[in-house]
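This report covers the ligand site and the pockets of one protein model.

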Amino acid sequence: VLPDTPPRTLSDRSLAAVADLIRSGRAKRIVVMTGAGISTAAGIPDFRSPKTGLYHNLARLNLPHPEAVFDIDFFREDPRPFYVLAKELYPGNFQPTVSHAFIALLARKGLLRMLFTQNIDCLERAAGVPPELIIEAHGSFATQRCIECKTPFPDDAMRAHVERGDPPSCPREGCDGLVKPDIVFFGERLPDAFYEGSSIAAQADLVLVMGTSLTVHPFAGLPRLAPEPVPRVLLNRECVGDLGTRADDVLRLGTCDAGVRDLADALGWRGELESAWEEV
Ligand code: APR
């Protein structure tokens with residue numbers, strides 16, 4: 001007896017079938033999960049791509065291992081390598097990509113249930129995704145505070161320190177703790193919003209996974225939270241996580257920008273997408 005395979009949601013494993021699902025109104029609670037791969041086209045290196053990834057280019061900072069640049073204990077010992085990187089990554093010098101614009105278009109059409117991002121570049125907000133529909137699982141550069149007493153540090157002073165590559169210390173009298181942007185370092189807990197929000201992934205009627213290696217947990221576990229018949233679309237250079245193992249998974253390997261343009265074409269949204277992107 002055949003195992004009772006769940007009914008198929010998609011007519012076939014193609015972006016055209018995904019577009020039909022959206023146009024027919026059967027997908028209106030779309031949950032998007034993104035990583036650094038959607039910002040490489042903006043000029044921000046990702047972490048693990050061979051040759052271009054950040055972790056392959058930190059040798060000049062003579063770190064014990066690349067991830068040390070985001071390790072809280074190493075930061076306490078020596079914050080300078082992180083501040084060298086912060087100067088390169090700091091928001092303000094980069095523009096959203098057409099992939100960011102596509103997510104903002106989903107929101108404008110009332111189809112975005114939630115965006116979970118691992119990125120710290122704030123490009124989703126810059127593209128116009130409403131903040132209440134963004135869960136920045138690994139924090140962002142938007143705010144900063146003392147790592148010891150948690151006293152917030154002013155934004156403009158922080159930007160000046162980052163520009164100078166000079167790690168600031170706590171503004172509070174008697175505390176000389178280091179100041180760090182509210183980015184989740186290895187060894188730190190993710191924001192409460194991530195844990196509170198992860199049940200949202202189970203309510204999705206369509207999942208888009210874009211530009212991530214799905215290497216870092218607990219974020220990497222999100223795609224599995226969508227129940228079986230919910231289609232999961234991967235827009236990524238390579239196959240990652242368990243994407244492709246389910247009957248309704250759709251793999252569109254290649255750049256995120258090419259993938260979202262194909263999906264926009266299938267939806268008849270291409271013109272709208274390109275002009276939305278020009279406006280950001
Ligand atoms: N189009 C599609 N895929 C791309 C593109 C692109 N333009 N550029 C890169 N990719 C793919 C890479 O092939 C890789 O699979 O995006 C993925 C990026 O993976 P990582 O570099 O590991 O980035 P990410 O998944 O966001 O890392 C997760 O690791 O260091 C931590 O906290 C950091 O949030 C980060 C987490």
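This is a predicted model: local features need pLDDT of at least 70, side-chain atom pairs count only at pLDDT 80 or more; totals for chains, interfaces and linings use all residues.

## Ligand surroundings

For His138, a polar side-chain atom is 2.8 Å from an oxygen atom of the ligand. For Asn236, a side-chain N or O atom lies 3.1 Å from an oxygen atom of the ligand.

Cys256 takes part through its backbone: one of its N or O atoms there is 2.9 Å from a nitrogen atom of the ligand. On its own the ligand has 730 Å² of accessible area, of which the protein covers 95%.

## Largest pocket

The largest pocket is where the ligand sits. This pocket holds about 750 Å³ of space. Its lining comprises 39 residues, with Gly35, Ala36, Asp46, Phe47 and Arg48 closest to the centre. The lining divides into 16 nonpolar, 17 polar and six charged residues.

## Second largest pocket

The second largest pocket has about 290 Å³ of space. It is lined by 15 residues, and those nearest its centre are Lys180, Asp182, Ile183, Glu188 and Arg189. Two or more lining residues come from each of the strands β4 (139-146) and β5 (179-183). β5 contributes the most, with four residues.

By class, the lining of this second pocket consists of seven nonpolar, one polar and seven charged residues.

Technical notes. Residues are numbered from 1 along each chain as its sequence is written. Side-chain values use heavy atoms; hydrogens and water are left out. A polar contact is a pair of N or O atoms within 3.5 Å; within protein, one must be able to donate a hydrogen and the other to accept it, and residues adjacent in sequence count only if both atoms are side-chain atoms. Accessible areas come from the Shrake-Rupley method with a 1.4 Å probe; for residues, only the protein chains shown count as cover. On a 1 Å grid over the protein atoms alone, a cavity is a set of points where a 1.4 Å probe fits but cannot get out, and a pocket is an open set with protein on both sides within 12 Å along at least five of seven lines; lining residues have an atom within 4 Å of a point. A molecule sits in a cavity or pocket if more than half of its atoms lie within 2 Å of its grid points. Grid points are joined across faces, edges and corners, and a volume is the space filled by probe spheres set on the points. Ala, Val, Leu, Ile, Met, Phe, Trp, Tyr, Cys and Pro count as nonpolar, Asp, Glu, Lys and Arg as charged, and the others, Gly among them, as polar.
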